[in-house]
Structure formats: structure tokens, C-alpha cells
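Please examine the sequence and the structure shown here before reading the report. The text is intended to be read alongside both.

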Amino acid sequence: MCGIFGAVTRKGDVTPAILAGLALLEYRGYDSAGVAVFTERGVEKRRRVGKLEVLREALHREGFGGPALIGVGHTRWATHGGVTEENAHPHSDSSGDLVLVHNGIIENYLDLKRELAAKGHIFRSATDSEVLAHAIEEQLARMEAPAKESGTKTAGDETALERAVRATMREARGTYAIVVLHRRFPDRILVARQDSPVVIGIGPDVHGNPASFVASDVPALLAHTRKVYYLRDGEVATLTADRVTVRRLDGELVPFAPLEIRWDAAAADRRGYPHYMLKEIEEQPDAVAQTSFDRLDDDRGDVRFEDFALGDERLRAIRRVQIVACGTSLHAGLVGKFYLEHLAGLPTECDYASEFRYRSPIPSGDVLAVGISQSGETMDTLKALGEARTRGASVLGICNVRGSSIPRMSDAVLYTHAGPEIGVASTKAFTCQLVALYLLAVRLGRARGHLSQEQGREAIRALRVLRPRLDPLFSDDARENVHRIAKRFAGARDFLFLGRGINYPIALEGALKLKEISYIHAEGYPAGEMKHGPIAMIDATLPVVVIATQGRDREKTLNQLEQVKARGGQVILVANPGDPEAERLADEVIEVPATTDELAPIVNVIPLQRLAYEIAVMRGLSPDSPRNLAKSVTVE
Ligand code: M6R
């Protein structure tokens with residue numbers, strides 16, 4: 001939702017590092033940005049509405065009054081309070097000595113604000129975050145009242161500031177990753193977490209200087225260090241240049257066990273593509289292979305998952321699967337329902353995570369709750385999985401980001417190896433989610449005896465040959481064809497996407513991609529439902545994308561297509577090469593390679609992602625950072 005980057009060192013200037021870190025986190029939120037540092041002049045703060053670039057230019061014009069050994073920055077995605085400079089982070093307390101940045105939502109902020117206002121605190125913003133700055137100030141005054149603290153202490157020592165932060169966060173209700181700095185304690189950064197991601201980078205930095213860092217996400221740390229610690233819920237860390245100490249909210253020391261990050265920061269780079277989204281679309285053949293190949297056991301017609309906590313016995317005891325997810329990940333779940341029912345013989349439900357919690361799901365110990373999430377941080381999905389667990393289900397997370405919150409709360413994890421996905425519109429993560437669900441269904445099917453060895457082998461063979469089958473989608477002809485179709489329809493006001501059966505979720509996904517990055521109103525519909533309402537919208541101005549590749553549902557889908565044609569609709573048909581009906585029925589054809597019914601969604605979605613991308617670019621929009629959206633949605 002918001003991006004946080006902070007640093008403390010004993011040499012140099014942290015401001016450039018903060019700006020560079022924020023640039024890598026801008027995908028998390030980008031309606032305003034701010035930085036606060038301590039220089040010889042004292043606490044200096046700059047905030048600007050707009051993208052990070054606006055802040056960068058402001059700092060270029062009117063920089064800080066010298067180098068800073070400590071500082072913190074933030075990119076915001078507004079929740080409480082409009083997009084204004086006053087509401088941008090960092091926020092300060094009444095004295096201006098304390099600065100704080102926050103990601104998340106403080107649910108009881110109005111109560112806290114009322115109490116603080118009664119004590120004379122004056123608030124300058126409409127945010128829940130500023131309330132925390134004042135609440136810590138109040139606690140600090142209380143802690144220091146008996147014996148005035150002198151300020152700085154030996155690095156790593158407890159100060160009144162740690163105690164004040166812990167006392168405040170014990171009273172705060174909601175979700176947060178906060179970073180706190182105080183002018184009288186200038187050697188330390190305090191970090192606290194509840195349900196919002198935050199990672200600590202442990203020095204020395206790559207130049208050998210003592211330094212510590214904090215960020216919302218690992219890629220922002222990799223230019224400085226590969227040694228990280230994922231702060232856990234209910235923990236508060238003190239970072240000095242030489243040392244990191246972690247305590248629980250009650251003050252108890254936590255054994256500190258950092259991890260070594262092995263993946264490369266360059267993997268998160270755009271590699272020459274004009275946009276991350278295009279790069280990520282093009283990376284899909286590799287991503288699909290990375291997610292599947294090492295896991296395929298061709299001989300046994302089965303799948304092996306690394307470090308998978310659910311053995312055959314547990315898998316055999318499952319009677320039902322409950323998928324929860326949001327957005328694109330939900331569409332993957334809808335395809336997964338077909339996989340699990342067909343390949344594993346398991347009744348499967350798939351719910352919007354945000355709805356699941358509020359519909360009294362039936363408690364049961366033999367349910368496998370599967371949470372699908374690229375980021376692993378989506379609050380609705382996290383909460384829905386928590387609810388499923390409370391009701392007795394085992395929890396399996398399908399995630400792309402290692403060590404994120406969903407994997408950490410799950411009984412078992414299946415990682416999609418898509419690599420970092422930076423574009424806000426999910427593309428390669430989606431196709432990898434489909435692969436992961438397919439593998440899961442085969443594993444369950446084999447463990448439960450629903451699939452014979454031969455059937456398992458067949459399913460695996462189909463996946464093994466998928467990668468080269470994807471090649472035609474990335475040929476110059478295919479790219480040009482989609483580009484031409486995009487040009488023809490870029491001015492449309494609405495779009496309709498139709499699909500049946502396993503391709504219905506692909507119609508939903510095609511529509512979601514288009515609306516989120518091109519702002520064209522688009523609807524995905526089951527082809528058979530069209531005659532029950534949306535048919536009324538069809539006229540010569542409405543482009544209708546129909547997914548009708550080979551398979552069980554093709555004929556029926558073509559019947560619905562005839563109905564669109566009869567009413568003058570403009571048909572863009574997604575079909576396999578050589579389809580005899582394509583010429584007759586379609587205004588435009590997008591050819592996709594043939595594969596099995598189950599794997600067709602992975603193939604069919606790729607040109608729809610490209611179509612959305614091309615249209616967004618033609619409309620002069622930035623596909624990587626569509627308005628109002630954030631890459632990971634860590635609020636309910
Ligand atoms: O990180 P997650 O997969 O949990 O995110 C879920 C949705 O927020 C996400 O898929 C969203 O719909 C994307 N913008 C889709 O492109």
C-alpha cells in the first residue's frame with residue numbers, strides 16, 4: 001500500500017539511498033512522497049503530492065542543509081485523508097522532534113485522537129498515522145517524567161523512546177508497519193509491525209560501513225545488504241548503525257536470526273523494455289517453466305514440491321477445497337476449481353477473500369483452504385485464511401513473494417517462481433498461479449488415487465511441452481496482429497469478454513486487465529449468460545472478445561458468438577490456427593496455439609494481457625502504475 005525506506009549509518013549521507021529505495025517501492029503507492037532526515041540544522045522534512053519524481057525535483061532545488069546519517073522516506077497510497085502535502089508522510093509530533101511513517105490502518109485512531117486532543121495536541125493532518133506520532137510523544141513525556149533522559153545512549157541500549165513506542169503500539173488497534181526517528185535519540189530507528197510487511201536490512205553495507213536499513217520490501221535493500229530480518233507481528237526493532245535489537249511489545253527480547261537473500265536485484269530491472277508490464281508479459285514462457293519443470297516427476301506421473309508440509313496422508317484426508325483470493329489471483333482460483341475437481345476429484349469452492357469472512361463458512365477439519373496471492377500480503381486474503389484456520393481448515397499459500405505474510409502463516413507453501421512482478425497489473429504471476437494450481441491438482445489427484453500413473457504422466461507431458469507451444473504468441477506476426485487490433489479498438493467505450501467453462505475466468509481476467517490499465521469499461525461474462533442481459537448492449541460500437549479455442553465448450557461458445565454477430569457486434573475471436581469458423585464469424589482473429597483443455601487458459605490469457613497493454617499505451621496511459629491502484633493491497 002505504502003512504501004517505506006529508512007537508513008542509519010555512521011558515514012556518508014543517507015538521503016540518496018532513501019530516494020533510491022523509495023523508487024524501488026513506488027509500485028506500492030504513489031500519490032505523494034516525503035523524506036525526513038537529521039542534519040546539522042536539526043530535523044528536516046520535505047513532502048510533495050504526486051510521484052516520487054516531484055519530491056526528487058524539490059530536493060534538487062532546495063536540498064537539505066548538509067549530509068544526514070539517519071533518515072526515513074515514504075511513498076503514500078491514501079487511505080485516511082485526501083492526497084495533500086499535510087497528509088503525506090513523514091508525520092511529526094507537536095515538538096517536531098519525532099518523525100514517523102506508517103503503512104496500514106489504525107482502527108482506533110479516532111479514540112486516540114480524541115484523548116490526545118483533550119490533552120492539548122493539535123493535529124495538522126487528517127491521517128490515522130499522525131495520531132501515532134502524538135501518542136508516542138505523550139508516552140515519551142510520561143516515561144521521562146520522573147527522571148529526564150539525556151537523549152542518546154550507547155548503541156543498542158534501551159531508551160525511553162523504545163518504551164514509549166511499545167506502550168503506544170500496545171494501545172493501537174489495526175495494521176501497521178511504522179518507522180520512528182527522534183532528534184534526541186539520533187543514533188536509532190525504531191520499527192514496529194502488525195499485519196503490514198516490513199524488512200530490516202543488516203549491515204555492514206556493501207562498502208563495509210556500519211549501517212542498518214528498513215524497507216517495505218526486499219528489493220529496495222539489495223543495493224546495500226543481502227542480510228535481512230523479516231520483522232514479525234507484535235515485534236519492535238531498534239536499528240543503530242552497528243546493531244539490531246528486537247523485542248516483543250511486552251519488552252521481551254526476541255532471538256535475532258537474519259536470513260541471507262540469494263536472488264538478484266537485476267532480476268527486478270526493466271531490462272530495456274519500455275514498461276515492466278510488457279517485460280513481464282514476455283517473460284511468461286520462462287516463468288511458467290521455472291514454476292513447473294523442477295517439480296515434474298515424469299516417470300511416476302506425479303509432482304514433487306520442495307519443503308512441502310502436506311504429505312500423502314494429510315492430502316488423502318482432505319474432503320473439500322476452499323480457495324480464497326482477490327483480483328487476478330481470484331481468477332486463477334476460478335480456473336483452479338476446474339483443475340481440482342477434474343484432476344483431483346475434490347469439491348472446490350472459490351470465493352472473493354473479502355466476502356468469504358462474512359458469509360458464515362461451514363466449519364470443518366477436512367477442508368484445505370488455499371490462499372492465492374502474488375504479493376503474499378493482501379490483507380483480505382490473509383484475513384480470510386485466518387478465518388478458515390479458525391474453523392479448522394489446513395492452510396496452503398500459493399504465493400510469489402518469499403517470506404511474505406501468507407507463506408509465513410500457512411501450514412504449507414507452494415511458491416510460484418515468476419520472479420519479481422513490478423507492474424501493478426498482474427501478468428506472469430497469474431500464469432504461474434495457474435501452473436501451481438495445476439501441479440497441486442495433479443499431486444492431490446495422485447495422492448488420492450483419483451489419477452492413475454498413466455493419467456498423471458499425460459497431465460505432466462502436456463505441461464512439459466507447453467513452453468515451446470507458447471512461442472508463436474511471441475512471434476513478430478502475433479505481436480503485430482494484437483497491435484493492429486488494439487489500434488482499431490483503442491477508442492472503444494466498452495468491451496465485452498465472453499468465455500465458457502474453464503475459459504470463463506479468462507474472460508474475467510481479460511476484462512480486468514483492460515479496465516485497470518486502460519480505464520475502458522469492460523465486462524467478463526460466461527458466454528451462455530449473455531442472452532440473459534448483456535445481449536441488450538450489443539451494437540456495432542461494442543467490441544466483443546470471444547474465447548473459443550478447441551475443447552468441450554467450443555461449439556456452444558460459437559453459438560453465442562452467432563448471436564453477437566446477428567446483432568452487429570464486432571467480434572474479436574480467440575481461436576486455434578485453422579479454425580474453419582474464424583473467417584466466417586469474426587471481424588478479427590487472435591490465433592493461439594492449441595493445447596489441452598486444462599492448459600488452454602494459460603495460453604489464451606497472454607494475448608489478452610498484450611491487448612490491454614497496447615490499448616493503454618495507445619491511450620497515452622502508464623500501464624505500470626494505473627491510477628488509484630497499488631501493487632499490494634494491505635488494507636481491508
Ligand atoms: O498480491 P495479490 O495477488 O494478493 O493481489 C490481489 C489483487 O490485488 C491483484 O491481483 C490485483 O487485482 C491486480 N491489480 C490485478 O492485475
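The report below describes a sheet, its helices, selected residues and a ligand site.

## Basis of the report

This is a predicted model, in which local features need pLDDT of at least 70 and side-chain atom pairs count only at pLDDT 80 or more, whereas totals for chains, interfaces and linings use all residues. Residues are numbered from 1 along each chain as its sequence is written, and side-chain values use heavy atoms, with hydrogens and water left out.

## The sheet

An open sheet contains 8 strands in the order β3-β2-β4-β1-β10-β9-β11-β14, and the pairing is antiparallel. The edges are formed by β3 (42-49) and β14 (259-260); each has a single partner strand, so one side of each lacks a neighbour in the sheet. Helices (H or I, at least four residues) and strands (E, at least two) are DSSP runs, numbered from the N terminus. Two strands pair if DSSP finds at least two bridges between them. In general, the strands of a sheet pair through backbone hydrogen bonds, either parallel or antiparallel.

Strand β11 is in turn joined to β14 by 2 antiparallel bridges, and Lys227 has Glu260 in β14 as its bridge partner.

## Helices across the sheet

Helix α1 (residues 15-25) lies across β1 (3-9), β2, β4 (70-76) and β10 (211-215), at about 155° to β1. Helix α2 (residues 52-61) lies across β2, β3 and β4, and runs at about 135° to β3. For these angles, axes are lines fitted to C-alpha atoms, for helices over the stretch in contact, and the angles run from 0 to 180 degrees between N-to-C directions.

Arg47 lies in strand β3. Is Arg47 buried or exposed? Arg47 is buried, because its relative accessible area is 17% and buried means under 20%, exposed over 50%, and partly exposed in between (1.4 Å probe, protein chains only). Among the residues that Arg47 touches are Ala33, Leu55, Glu85 and His89, leaving aside residues up to four places away in sequence; contact means heavy atoms within 4.5 Å. The side chain of Arg47 also reaches the backbone oxygen of Glu86 at 3.3 Å, and a polar atom of that side chain lies 2.7 Å from the backbone oxygen of Ala88.

Thr168 lies in helix α5 (residues 160-171). With a relative accessibility of 3%, Thr168 also counts as buried. Not counting residues up to four places away in sequence, Thr168 touches Leu132, Ala135, Ile136 and Gln139.

## The ligand site

The ligand is surrounded by 13 residues, of which the closest are Ser329, Ser373, Ser375, Thr378 and Glu516; a residue counts as near a molecule if one of its heavy atoms lies within 4 Å of it. An oxygen atom of the ligand is 2.6 Å from an N or O atom in the side chain of Ser373, and an oxygen atom of the ligand is 2.6 Å from an N or O atom in the side chain of Ser375. A nitrogen atom of the ligand is 3.3 Å from a polar backbone atom of Val424. Taken alone, the ligand exposes 410 Å², and the protein buries 92% of that; accessible areas come from the Shrake-Rupley method with a 1.4 Å probe, and for residues only the protein chains shown count as cover. A polar contact is a pair of N or O atoms within 3.5 Å; within protein, one must be able to donate a hydrogen and the other to accept it, and residues adjacent in sequence count only if both atoms are side-chain atoms.
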